[in-house]
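Here is a briefing on a predicted protein model. Look at the sequence and the structure first.

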Amino acid sequence: MAKYRKLGRTSSQRNALIRNQVTNLIHNGKIVTTDAKAKEIRKIAESMIALAIREKDNFEEVSVKAKVARKDADGKRVKEVVDGKKVTVYDEVEKTIKKDNSSRLHARRQMLKVLYNVTEIPAAVAGKKKNTKEVDLVAKLFDEIAPKCAARTTQGGYTRIVKIGQRKGDAAMEVLLEII
C-alpha cells in the first residue's frame with residue numbers, strides 16, 4: 001500500500017507539482033487546488049513550517065566589515081582616475097549579519113530542496129527584467145511564518161483546508177489550502 005497519493009502522474013511530474021504548489025502556498029499564504037492535491041501538499045508544507053519553528057532562533061549576530069562602492073546622487077558608482085585608469089571608489093562599512101548555526105543551515109538547505117526560486121515583478125514594469133526582485137522564501141519561513149505559527153499550543157495544524165465546492169469541468173472537489 002502506498003503512503004502517498006500518485007495524483008495520476010509519474011514521480012517526476014508529481015514531485016514538480018508538489019514543489020510548485022508548496023512554493024506558491026508559502027509565497028501567497030493560500031492556494032486553491034483539488035482535495036487530493038491539498039492533502040499531499042499539506043504534509044510537505046507542515047513539515048517545513050515545523051522545521052522553521054524549531055530553528056527560528058538558532059543563529060548568531062556577527063558584525064563584519066564590507067567594502068561597498070561609493071555612489072553619487074543618481075545611484076551610480078563614483079570613479080576616480082588612478083594611474084590613468086578609472087577606478088571605483090570603495091568605502092568600508094560595518095554590518096551586522098545573521099550567521100546560521102549548523103542545524104539551522106541544514107534546515108535552510110532542506111527547505112531549498114523543496115522550494116523553487118520566486119521572482120516578483122511589479123505590475124508597472126511587467127515584461128521587463130529591470131526592477132524584478134528575488135523573494136527569499138526560506139527567510140520568509142523563518143522570519144514571518146514561524147513566529148506566527150509558534151504561538152500555537154498544539155504540534156502541527158499550521159494549515160487549514162476549506163472545501164469550496166465542485167469544479168465545473170470535471171466535478172473535482174476544490175479546496176482552499178491556507179496557512180493559519
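Residues are numbered from 1 along each chain as its sequence is written, and side-chain values use heavy atoms, with hydrogens and water left out.

**Domains and their interface**

- The domain assignment gives domain 1 (11-58 + 101-179) and domain 2 (59-100); such bounds come from an automatic or database assignment.
- The centres of domain 1 and domain 2, taken over C-alpha atoms, lie 35 Å apart.
- Nine residues from domain 1 and five residues from domain 2 take part in the contact, where contact means heavy atoms within 4.5 Å.
- About 500 Å² is buried between domain 1 and domain 2, and carbon and sulfur atoms give 36% of that area. Buried area is the accessible area (1.4 Å probe) that two parts lose on being put together, summed over both.
- The rule finds three salt bridges across the interface of domain 1 and domain 2. A salt bridge is a side-chain nitrogen of Lys or Arg within 4 Å of a carboxyl oxygen of Asp or Glu.
- Helix 3 (residues 102-114) gives the most to the side of domain 1 that touches domain 2, with four residues. Helices (H or I, at least four residues) and strands (E, at least two) are DSSP runs, numbered from the N terminus.
- D100 forms a salt bridge with R104, with the closest N and O atoms 3.0 Å apart.

**Other salt bridges**

- By this rule the count comes to 12 salt bridges.
- D35 pairs with K39 in a salt bridge, the closest N and O atoms being 3.5 Å apart. D35 and K39 are four residues apart in helix 2 (residues 35-55), so about one helical turn separates them.
- D35 counts as buried at 16% relative accessibility, whereas K39 is partly exposed at 35%. Buried means under 20% relative accessible area, exposed over 50%, and partly exposed in between (1.4 Å probe, protein chains only).
- D57 forms a salt bridge with K56, with the closest N and O atoms 3.1 Å apart. D57 counts as exposed, at 60% relative accessibility.
- K133 forms a salt bridge with E120, and their closest N and O atoms are 4.0 Å apart. This pair links distant parts of the chain: K133 is in strand 7 (residues 133-135) and E120 in strand 6 (residues 118-120), 13 residues apart.
- K133 is exposed at 51% relative accessibility, and E120 is partly exposed at 33%.

- Strand 3 (residues 79-82) and strand 4 (residues 85-88) run antiparallel and are joined by four bridges. Two strands pair if DSSP finds at least two bridges between them.
- E80 stands opposite V87 in strand 4.
- The hairpin has two residues between the strands, and D83 takes a positive phi near 55°.

**E178 in strand 9**

- E178 lies in strand 9 (residues 173-179). E178 is buried, at 15% relative accessible area.
- E178 touches L25, G29, K30, Y158, T159, R160 and V162, not counting residues up to four places away in sequence.

Terms used:
This is a predicted model: local features need pLDDT of at least 70, side-chain atom pairs count only at pLDDT 80 or more; totals for chains, interfaces and linings use all residues.
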